[in-house]
Structures are given as structure tokens and as C-alpha cells.
Number of protein chains: 2
Amino acid sequence: MGSLEKKFLRLGAEYAPGQEVRQDTNEVGLRFEKIPGTPVDFSHGDVDAFEPIPGSLDVFNEGVRLGGKQAYTEYRGSIDIRENVAKKLSTFTGSTINADQNFIITPGTQGALFLAMGSTISRGDKVAIVVPDYFANRKLVEFFEGEVVPVQLDYYKNDTLAGLDLTQLEDAFKAGVKLFLFSNPNNPTGVIYSKDEIRDIAKLAQQYGATVIVDELYSRQIFEGRTYTHLCAQNIVDPENVITIMGPSKTESLSGYRLGVAFGSSKIIDRMEKLQAIVSLRAGGYSQAVLKSWFSEPEGWMTERIAQHQAIRDDLVAKLRAADGFQVRATEAGSYLFPRIPKLDISITEFVKVLRLQAGVIVTPGTEFGPQFTESFRVNFSQDHRAAVDAIGRVIQVVEAYRNEYAK
Amino acid sequence: MGSLEKKFLRLGAEYAPGQEVRQDTNEVGLRFEKIPGTPVDFSHGDVDAFEPIPGSLDVFNEGVRLGGKQAYTEYRGSIDIRENVAKKLSTFTGSTINADQNFIITPGTQGALFLAMGSTISRGDKVAIVVPDYFANRKLVEFFEGEVVPVQLDYYKNDTLAGLDLTQLEDAFKAGVKLFLFSNPNNPTGVIYSKDEIRDIAKLAQQYGATVIVDELYSRQIFEGRTYTHLCAQNIVDPENVITIMGPSKTESLSGYRLGVAFGSSKIIDRMEKLQAIVSLRAGGYSQAVLKSWFSEPEGWMTERIAQHQAIRDDLVAKLRAADGFQVRATEAGSYLFPRIPKLDISITEFVKVLRLQAGVIVTPGTEFGPQFTESFRVNFSQDHRAAVDAIGRVIQVVEAYRNEYAK
């Protein structure tokens, strides 16, 4: 097998969220008739149930009316929009972001991640990533021919912290890791790193001269007023060694516009722009205008959105905890739950296919987030409240039907 | 210097079209006062002078109203849109494109190029590209750590063909090249490959088992009813070894939506989708809807647009040919001219800066398209007609002022 073939085999997207229609389901054995109910696609948020920021389409249309100026921006994005957003993000994070030097607009946070990783990984570099974490992190390291050094997150350990194994992280740095990537809040578990954890990560990175990329995609949707700590605002790591990534695709439901941002190290931002020049030139020019509506939502809109998501979370967590053999840590921020299920007769990827065919419910298998999560799945509960609760009921039914009798 | 630093040095985007505002101009010596006149940015088309396809924004807005279905498509794009466009492109190219297996929607044709190259180049692979050709081609090969094998295009040789050196191409294949990338119409010269040239390229590729990527971005804007030959429709190369790239960013002025497509080899399209999953997930969901307006323009709209561009071309070519020491081949398709200018006292990159500061005219230096083009520049003449003609007059004035006296 050629090296390119191997590379793309590792990039497999069959179980990635949103690709379910491309799955081969010929081999799946169903144990009963389809359970009726409103289909729910937990692989991503439902932007029909939670609509985009009010007025965002109007801002897009204004961008189109601006014409060529908005269509052809610098590769790093329109300077007007960068100034608008850098200012709002400086306030939000408690850091100072220079719109000209330290800021880039990207096609989604996926775009920001790709550009940041492509700008910092050389072939053969050791790169530390958290397990579990966003499913593309591993693929990105592998695509750029880095070597993945996993650092475990024991998210069932203690409710007051995320549970990162700091000894493992330090060992990774000692072994030569120069880049650490993690999401906070963590995807897929929805846990927040404590202030101490963030500061410890920062101290280790600074001690070993490592670069840190922090994916803060869900950092606005914080439940119960928990403390959220921005690593970039701690002034511990050399600012030229930190990149922070955010975007309005999740809580704000603007995914259809493909918008993300990255800010921090001017050197890395410069590289990201050069890379963007050959990847896709720029984030869609007209879409960039939509960022004006971000962090400028109508008063009370974000508070209400958070409250609605917290209510869904409460119902799903209660239902999952009441089911026999399930374990789940309650989401602290964002819209993900990552329940552990009892042992089944089928693999987790088979379970995901069965669930889709038999119950009209799409979830993402735990193995997308780390090879050991063979008994977990992820749901994005940004869904119609009632439909989500009913769908979780069907998940529990399917688990019960495929449960391994001997393991009970 | 680290290998990553070297890699990004080669990716330099300072002289790339659209990045002029980031140029360092402290060192530029000006010989006279600024020449008055409407500023013209010839680095890309002016979508205010030539507006997007009528109704395209309405189609976008309909896409937004579709909601989640349009926001979250498969990574390769919405199946409805793929079916719509694959059908139209099958007719246009005279080939058969299966929307499910052989088609992907990308963020711009730049996105399609990046994905196609990333899906076909292994480290160390020899890749043949044409000189001159689109400035990102070389950068893409280098980014994926391929080895560039240049094949010369002698575009001043003969008006009945593009002028590709087929012997050099065969030598490249003999030397182990397994991938050949070229644009037709050629960017930056605007020449079309003759039917014989296309068939000869195809025969050589088939003989040596090579893959061909054809960038047909400008293939709709053909002047004087010239014959245009789609390589994919010749049935010479194994269809699994051909990828064709198109998009509505140029003639159709839809660049602000960031849309492109690639079609052909199902194996390469599969890889491109896997790569897209980690690069930016998908072309902007709502933007994808805009492809419905592509190849469905109001009757007569495209004919009129071509006629308007041909008229601008005629005036610019006449003016350039009348100027002392200039040489230019008339554009056969698309909106580019690539004139050769007389010897100057300053380098072509200095000339480009002087031109911007002294005459309010932006052009792209020839060296972006090949190191030997130190006495050429590219203009995209999709501009306001009168402003473009005036601006070319100023270009001629600046050339005269900086002309090397000894070389006259």
C-alpha cells in the first residue's frame, strides 16, 4: 500500500459527524422493528430548533451590498471586521488582541484548527493531544505527519476539575513535545478545565518552551455561572507561543456561514495566512460580515439560550442516570454529553448504525474521540427539547435490546 | 533555520494578488508625483463593475431559509445541489458526471486545487506544472513536499496553440512524474490549448499512467467562438486518473461566496472529501445553494458579459501594442493579459509597488507565475472599461519613466 493510501485510510470520515448517509449498512442485523418517533441527529446542533443570531442574515446581505470590498478581503480577513471582532474578543477573554497582527478570520473553527496545526507541525514532531478530545485533532496531527502523544483526561475523577493528567503532560514535554492542543470546554465531555489546571498547563508549556493551541469553541455557553479561565489571559506562556480558536458555529448557530477566528502569536498568524492563501484564499468574503452580529446579540438572547440548553441537559442527564448501566458526567459548558453505556453484543460503530436505522437517532461513536471509548457515544443536545428527550428514551431502549446478557 | 520556517518562507504571499496592503513600501524611490486617475486593482476582477449573476443573492437567502438541511451538508456538499450542478456540467463538458460518486463542492476553486493536490501528492513525488501558470500551483506542490518539474509554455510561439513543450512533458513523465497540473485557459496568459495539444497531453498521461488535474476556471468566457477542448471528454485518459476543477468566481463574479467544484475520479474525490473534513468541513452550506444560479443565468447574460470583456481586451491590447517596447498576446479566453515590458531600472516587484503608489494601479508581478518572468505582469481586465483603459495608460507612463536608458 502506498504512503498516500495509508495516510487517507487513517483520515477515514465514515463515522465522522454528518457523514452518516455515506455509511455502509448492509451488514447490520436489526433485532426489532423501527421504533417510531421524531428523528434526531445528535451529531450536530439543530439550527432549526436554535436559530442563528437574529439579524445575522441582514448583516450578510449588507455585506453583499458592499460589493467588491467585502468579496475580496485580505487573506486574513477584512480589516474592518477584524477590528470589530478583536475588540469584542479582547473584552471577552481579558486579553489584548491586535486586529492587524494577531488575528485571522477562517472558514469555521475547523479551518482555524487546520491552519494552526499546519503552521506549527513539522514532519516527525511530537504533538500532545488530549484523549478524549475533538475527533479531528488526531487526524490533523497525522495528516501533517506529526507523532501523536496522548494525554489522558479522567473526566469521571472529580467534578471540580476536568481531570487532565498533568504528570503525563509534563512527561510529554520532557519527551520533546513542543505543541499541545486541547479544547476547553472539552469536546466531547463538556467539562471545563479549572483555573488551577489551566495555570498548570500554562506553567508547564512555558517551562518547556512549548506552543499551546486552545480551542475555545464553546466558551460562551457556560452553565450555572461556572468559572471559565482563558489561558491566553494568564500571562504565563510567551504570547508568541499561544493561539486561541473560537467561532460562532455552535451556541450562535452560524455554522452555515463557515466562520471561525484565531488570535495570538503574530508569527503563527502570519503563517496561517500564508497557508490560507493556498487552502481557500479566505473565509467567504460576504460571510465575514456576519461576524458583526457575534458578541452583539440582542440583550438577554445569550442568557436565554444558555438557560434553554441547561434545561435540556438536565432532562437528558436525569434520564440517562435513571437507566440501568449508564454513566454520565453533567455538561458544564457547551452542548455535548458523552455517556458511557453498558456492555453490548455489538461494537459501538455497529450500535451507532443500528440506532440510526432502528430508532431514527444519530449519535457519534466514542471511538472517534479516542480508541478506548468503545462504550461511549457523544450527543450534541442543541435540539428541540421534547424531541431530544424522546430520542434519548429510544437510545436507552436500543441499548437494552443489544445489551450483553453475560455482562449484566 | 527550521524546516517549517523554510517551508513558510517559500509560501510567501507578499506579492500575491489581493495582499498588496501588506507590502513593505518604505524602500521604494518615486521619480515623480502621483499620476491622477481612478484607482484600478487589476489583481482580481471588479465585481462592482461586473456584478454577480442576477438573483444569486436571492438563491442564497432561500438556502438560509432551508435551515439546518442547508447548513449541515455532507462534507462533499448537498446532494441536491450536486445533482443540479453535475447535470449542467455534464452537458457543458460533454462528459458524464455522477453527482454521488464523482463530484465535490469546495470553498472556491482554490479549495478544490488544494484538496486535489493534497489527495495526489506524496512527499518526494515529482509533479509537473506549467510555467507560466497559476501562482499557487508551485506553492501547492512545495507545501505537500513534492518536487516541481516545470514544463514550459511558449505562448509567443504560435497563435493557433497554447505552446506547451510536449517533449518536455514527455521527458517529465519518463523521469517519473505521475501528476500533471495545468490551467486551461492558461492563467496568466489567457491562451487556450488547441484540441491537438489537449489530446497529446492526454495520450502522454495515459501512456505513462499519470494523473491529470485540469483547472478550467475560465472555460466559459471564450472569445470569438474559439474551440475549447475538455480533456475529461476525450476518453483518452483512464477516468480514475482525471480531475477537472471549475467554479463561478471569475466570469460569474461569485467569488464572495467562495464556491468551486471538482469532478472526475471517484477515488480522488473520496480522498478530497476526507481531507475537506479536516480542512474546513465543507463549502459554506448556505453558499452552496448559490450554485443553483450557475449555468442557469438569464438568457443572453453570458453572451453580453463575454462581449463586454472582449471589448475591454481589444482596447487594452491595442494600447499596449502601440506603446514602445511592449509585447502582448491577445487573450483568447478569460480576463487575463500578461504583457512583457521593456527593461527597467528597477525590478518587477519594485515596479509593482511604484505603480501602486505612483499611479494607483495594482498588477501582479510576472515572477509570481515563474521565476523567469521578470519583465512581465498580469492584469485581470474584468474592470470598469474606461477606468481600465486609463489605468493601462498610466502603466505605460510609469514604465517609460523607469525605463533603462541603456537597454533602449
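This is a predicted model: local features need pLDDT of at least 70, side-chain atom pairs count only at pLDDT 80 or more; totals for chains, interfaces and linings use all residues.
Me: How many aromatic pairs does the structure hold over all chains?
Reply: There are 50.

Me: Take A:F114 and A:F144. Why is that pair tilted?
Reply: Their planes stand at 45°, so the pair counts as tilted. The ring centres are 5.1 Å apart.

Me: Where do the two residues of that pair lie in chain A?
Reply: A:F114 is in helix α5, residues 108-118. A:F144 is in the loop between α6 and β4. They are 30 residues apart, and the pair links distant parts of the chain.

Me: Buried or exposed, A:F114 and A:F144?
Reply: Both A:F114 and A:F144 are buried.

Me: And what kind of pair do A:Y257 and B:Y286 form?
Reply: An edge-to-face one, with 75° between the planes and 4.9 Å centre to centre. A:Y257 lies in the loop between β7 and β8 of chain A, and B:Y286 lies in helix α10 of chain B, so the pair joins two chains.

Me: Are those two buried or exposed?
Reply: A:Y257 is buried, at a relative accessible area of 3%. B:Y286 is buried too, at 1%.

Me: Which ring does the charged end of A:R220 sit over?
Reply: The ring of A:F295, 3.8 Å from its centre. In chain B, B:R220 lies over the face of B:F295, at 3.8 Å from the ring centre.

Me: New topic: helix α1 of chain A. Which of its residues are buried?
Reply: A:L4, A:K7 and A:F8. They span an arc of only 90° around the axis, so they are on the same side of α1(A).

Me: Why would residues a few places apart point the same way?
Reply: An α-helix has 3.6 residues a turn, so residues three or four places apart point the same way.

Me: What do the buried residues of α1(A) pack against?
Reply: α6 of chain A, together with α5 and α9 of chain B. The face turned away from the buried side carries A:S3 and A:L9, which are exposed.

Me: Now strand β5 of chain B. How many of its residues are buried?
Reply: 5 of the 5, so β5(B) is largely enclosed by the rest of the structure. B:L179, B:L181 and B:S183 point one way, while B:F180 and B:F182 point the other.

Me: Which strands does β5(B) pair with?
Reply: Strand β3 of chain B pairs with β5(B) in the parallel sense over 3 bridges. Strand β6 of chain B also runs parallel to β5(B), joined by 5 bridges.

Me: What stands opposite B:F180?
Reply: B:A128 does, and in β6(B) the bridge partner of B:F180 is B:V212.

Me: Which helix does the chain cross through from β5(B) to β6(B)?
Reply: Helix α8 of chain B, residues 195-207, in a right-handed β-α-β crossover.

Key
Residues are numbered from 1 along each chain as its sequence is written. Chains are lettered from A and ligands numbered from 1 in the order in which they are written. Side-chain values use heavy atoms; hydrogens and water are left out. Rings of Phe, Tyr and Trp (its six-membered ring) pair if their centres lie within 6.5 Å; planes under 30 degrees apart count as stacked, over 60 as edge-to-face and the rest as tilted. Helices (H or I, at least four residues) and strands (E, at least two) are DSSP runs, numbered from the N terminus. Buried means under 20% relative accessible area, exposed over 50%, partly exposed in between (1.4 Å probe, protein chains only). A charge sits over a ring if NZ of Lys or CZ of Arg is within 6 Å of the ring centre and within 35 degrees of the ring normal. The arc is that of the directions from the helix axis to the C-beta atoms. Contact means heavy atoms within 4.5 Å. Two strands pair if DSSP finds at least two bridges between them. A crossover is right-handed if, with the strands pointing away from the viewer, the path from the first strand over the helix to the second runs clockwise.
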